[in-house]
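Colleague: Can you walk me through this one? I'd like to go element by element.

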Amino acid sequence: MFCGALSGCHVRHPASADPKSGAHGRSPCICHNTKRGCVFSLSGKRALVVGIANDQSIAWGCARAFHAQGADLAVTYLNDRAEPHVRPLAEQLDASIVAPLDVRDDDQLTAVFDRIRDEWGSLDVLLHSIAFCPKEDLHGRVVDCSREGFGVAMDISVHSFLRMIRLAEPLMERGGTCMTVSFYGSEKVVEHYNVMGPVKAALESVTRYAAAELGPKGISVHALSPGPLSTRAASGIDHFDALLARTAENTPTHQLATIEEVGAYAAFLASREASNVTGTVHPIDGGYHIVG
Ligand SMILES: NC(=O)c1ccc[n+]([C@@H]2O[C@H](COP(=O)([O-])OP(=O)(O)OC[C@H]3O[C@@H](n4cnc5c(N)ncnc54)[C@H](O)[C@@H]3O)[C@@H](O)[C@H]2O)c1
């Protein structure tokens, strides 16, 4: 069902949606529901979302927003243990493709993109919303980080983005959007963020270089940078609750970011209207980055 005949909106919404108020329950409408029509739509676009662990994941906020704006989805889950948590969420969004993906496994990664090529023929949007660092390295000083731990964190959290972009490139002949998710600890020392700071700095640099290299092909590359959010990955960071409290207090809006806000922003970046924006780290943090 579409937003409403009044608006000429092309966006898919649940049948319960109220086109007048724009209240769409679990799939909020991001388009401007006015007589002038949609500001943007992802109708007809195909998006691969990597990084849903549960309904608190940033990737889930993005997947919901992509779906609400009309995109068809491919969703991955880490392993057999993650599947029962992720598959029902993917089904809620009528994802056409649901597949396992541990990015350390090259065959699995190739299989995901082969399936997209075989079933869709093309890809418009790639969201890479994953990170990992072995606990002993994450909890220690940066100067004590082991060679192995540093390598694992860089491989899963950074190089996997490059591998995905490389596989997406031939499927984005009409252009496309690749996004990853970073954090402010990349540029400033954030207590207890430790080695993930340098890892995110590398991720942001990769974003800029990939954007420069793929710009001529109409492929934009972005890093979303939300303020701290309570997710499974965040629970691995020491004293995360204190970071949340400190951030809320010092943020100009005094509001912590939500996965819905990140999703809405990501959906816009995925749209045709944002196609001339690329290579940037986008803070979605209530303005914390200007004062923190
Ligand atoms: N939560 C925050 O405060 C916050 C803030 C800024 C940025 N981020 C970043 O957002 C991204 C998503 O994290 P989140 O906070 O939504 O937590 P999350 O735990 O919901 O998501 C992390 C995802 O990484 C996946 N992952 C880990 N290792 C993997 C591997 N080998 N192969 C494939 N997937 C793997 C997990 O399965 C999970 O789905 C991460 O890059 C994180 O650093 C988080």
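Colleague: Which residues of H8 are buried?

Modeller: This is a predicted model, and in it the buried residues of H8 are Ile-259, Val-262, Gly-263, Ala-264, Tyr-265, Ala-266, Ala-267 and Leu-269.

Colleague: What covers them?

Modeller: The cover includes H1, along with strands S4, S5, S6 and S7.

Colleague: Take Ala-266. What is it in contact with, leaving aside neighbours within four places in sequence?

Modeller: Ala-266 is in contact with Cys-62, Ala-65, Leu-127, Met-179 and Leu-224. Ala-266 also belongs to the largest nonpolar core, which has 80 residues. Together with Val-49, Phe-66 and Leu-127, Ala-266 touches the most other members of that core.

Colleague: Which helix gives the most to this core?

Modeller: Helix H1, residues 58–68, with eight residues.

Colleague: Switching to the sheet. What is the strand order?

Modeller: The order is S3-S2-S1-S4-S5-S6-S7, seven strands in an open sheet with parallel pairing. Strand S3 (97–100) and strand S7 (281–284) are the edges, each pairing on one side only. From one strand to the next, the twist averages 20°.

Colleague: Where does H1 sit against that?

Modeller: H1 packs on the sheet and touches S1, S2, S4, S5 and S6. The direction of H1 makes about 170° with that of S1. Helix H3, residues 106–119, packs on the sheet as well, touching S1, S2 and S3. For H3 the angle is about 165°, taken with the direction of S3.

Colleague: How many bridges join S4 to S5?

Modeller: Four, with the two strands running parallel. Val-125 stands opposite Thr-177 in S5.

Colleague: And how many between S5 and S6?

Modeller: Six, again in the parallel sense. There, Gly-176 stands opposite Ile-219 in S6.

Colleague: Why is S6 largely enclosed?

Modeller: Because eight of its eight residues are buried. Both faces of S6 are covered. One side has Ile-219, Val-221, Ala-223 and Ser-225, and the other has Ser-220, His-222, Leu-224 and Pro-226.

Colleague: Last topic, the ligand. Which residues come nearest?

Modeller: Ser-57, Ile-130, Ala-131, Thr-231 and Ala-233, out of 26 residues around the ligand.

Colleague: How does that shell divide into nonpolar, polar and charged?

Modeller: The shell has 19 nonpolar residues, four polar and three charged.

Definitions and conventions:
Residues numbered from 1 in each chain as written. Predicted model: local features only at pLDDT ≥ 70, side-chain atom pairs only at ≥ 80, totals over all residues. Near = placed C-beta within 6 Å. Nonpolar A, V, L, I, M, F, W, Y, C, P; charged D, E, K, R; others polar. Core = buried A, V, L, I, M, F, W, Y, C linked by C-beta atoms within 7 Å. Buried ≥ 20, exposed ≤ 12 C-beta atoms within 10 Å, placed from the backbone. Contact = placed C-beta atoms within 7 Å. Pairing = 2+ DSSP bridges. Axes fitted to C-alpha atoms, helices over the stretch in contact; angles between N-to-C directions.
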